[in-house]
Amino acid sequence: MSPVVEPFDPLVADPVDVDAWSVIYVAGHSESSGGGPVAEELATRLRSGRAGRAWRWAARVARGEPVVGVAELRGRPHDAGIGFLRLFVVPQARRQGVGRGLRESVVRRARSLGMDRLQSTVPAGGPGESFARTSPYLRTLLRLELQKQYLDEPTLRRCWSLAATPARGYRLTHWEGPAPEERVGSFGRVMAHLLDAPGAVLQMVPRAWGVAQVREWERQITEDGSRLVVGAALESTSEEVVAATVATVAGGSVADQHDTAVMPRHRRKGLAIRSKATQALRIHDLFPHVRALAATINVENAAMLAVNRCLLYERVGERLLVEETLG
């Protein structure tokens, strides 16, 4: 018997299916990325249409049976030709064609949208990698170290020590949500240097970071209901942002640490590590339910790996950023 794969519209779906879809998605997302929302909050956002623009599917082993597999396709904001796929199947339903059926449905839709590539993040060496490699058109773009910074007492003490000692001529700050008007321009100039990191060109393309583009990026990164928290270093004389680090917080106990960048002439002054220390402290203060931050770092990014070691991040696994050519 072939699995049943159908487009999933949470606005009209049975509430039981929305709950099941959310549980499977959250479990898979946590395994692949280390963080994410809680299932109840995701289900609420899905029912209200506040989970962001995406195409979704649900799979069952047979019609009328419970949902056992889910898929979500989102466009990559930096390249309309690339889709980002998240596909998860409950362990007891694997190797029954559920994942294959979901992927075939996603590929058809992606092609119809003009996408010619699909990217995914999969745990290295696990069933997700084995499944991904069944495609003959797959290549590995990056090897990523999954790390977590547990916000326990030793880590918070380390962060306090670092945040209390900025380099002379700089001060540390943070904000929650959109950047303040007086910071948004210089924040955008810092974010334009994200491509300086090793392997970054495989995940994004050069883009403008003017005020309008920053505001659109802020909207996109929080369209799933997450809260944005930015740690930053300011040059004291100009009050301009010269280093920044970005995290998003959902309802789960693990927040997602994203990008960190420093303006070239302000590097090697400890600004990245102190911005991240400030951010961790603010997340701890603002969101007491968060117990850890999760980050994925390119294994070739020696500088950021060293920064995270100083901040007591721990390696918890390895992930692969893979890309499938659709032809």
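A residue counts as buried under 20% relative accessible area, as exposed over 50%, and as partly exposed in between, with a 1.4 Å probe and protein chains only. Val-246 is therefore buried, at 0% relative accessibility. The model is predicted: local features need pLDDT of at least 70, side-chain atom pairs count only at pLDDT 80 or more, and totals for chains, interfaces and linings use all residues. Residues are numbered from 1 along each chain as its sequence is written, and side-chain values use heavy atoms, with hydrogens and water left out. Helices (H or I, at least four residues) and strands (E, at least two) are DSSP runs, numbered from the N terminus.

**The sheet**

- An open sheet of 12 strands runs in the order β1-β2-β3-β4-β5-β12-β6-β11-β10-β9-β8-β7. Its pairing is mixed.
- Two strands pair if DSSP finds at least two bridges between them.
- The edge strands are β1 (4–7) and β7 (170–176). Each of these edge strands pairs on one side only.
- From one strand to the next, the twist averages 25°. Axes are lines fitted to C-alpha atoms, for helices over the stretch in contact, and angles run from 0 to 180 degrees between N-to-C directions.
- Strands β2 (residues 55–60) and β3 (residues 69–76) pair in the antiparallel sense. Five bridges join β2 and β3. Ala-59 has Gly-69 in β3 as its bridge partner.

**Strand β11 and its partners**

- Strand β11 (residues 292–298) is mostly covered, with six of its seven residues buried.
- Strand β6 (residues 138–150) pairs with β11 in the antiparallel sense, over seven bridges. Leu-146 stands opposite Thr-296 in β11.
- Strand β10 (residues 254–262) runs parallel to β11, and three bridges join them. Ala-255 has Leu-293 in β11 as its bridge partner.
- From β10 the chain crosses through helix α8 (residues 271–286) to β11. This β-α-β crossover is right-handed. That term applies if, with the strands pointing away from the viewer, the path from the first strand over the helix to the second runs clockwise.
- Asp-256 stands opposite Ala-294 in β11.

**Leu-293 in β11**

- Leu-293 lies in strand β11. It is buried, with a relative accessible area of 0%.
- Contact means heavy atoms within 4.5 Å. Leaving aside neighbours within four places in sequence, Leu-293 is in contact with residues including Gln-147, Leu-151, Val-254, Ile-283 and Tyr-313.
- Leu-293 and Ala-247 are 46 residues apart in sequence. In space they are 8.4 Å apart, C-alpha to C-alpha.

- Strands β9 and β10 form a hairpin with four residues between them. They pair in the antiparallel sense over five bridges. Thr-245 has Thr-260 in β10 as its bridge partner.
- Seven of the nine residues of β10 are buried, so this strand is largely enclosed by the rest of the structure.
- Val-246 is found in strand β9 (residues 241–249). Leaving aside neighbours within four places in sequence, its contacts include Phe-187, Met-191, Trp-217, His-258 and Gln-279.
- Val-246 and Ala-62 are 184 residues apart in sequence and 43 Å apart in space, C-alpha to C-alpha.

**Helices α6 and α7**

- Two packed helices are described by the angle between their axes and the distance between the axes.
- The axes of α6 (residues 181–191) and α7 (residues 211–221) come within 9 Å and cross at roughly 85°. The two helices are therefore roughly perpendicular to each other. Angles under 35 degrees count as roughly parallel, over 145 as roughly antiparallel, 65 to 115 as roughly perpendicular and the rest as oblique.
- Glu-181, Val-184, Phe-187, Gly-188 and Met-191 in α6 meet Val-211, Val-214, Arg-215 and Trp-217 in α7.
- The residues of this contact divide into six nonpolar, one polar and two charged. Ala, Val, Leu, Ile, Met, Phe, Trp, Tyr, Cys and Pro count as nonpolar, Asp, Glu, Lys and Arg as charged, and the others, Gly among them, as polar.

**Two arginines with positive phi**

- Arg-95 has a positive phi of about 65°, although it is not a glycine. Arg-95 is in the loop between β4 (79–89) and α3 (98–112). It is exposed, with a relative accessible area of 84%.
- Arg-268 is also not a glycine, and its phi is positive, near 65°. Arg-268 is in the loop between β10 and α8. It counts as exposed, at 84% relative accessibility.
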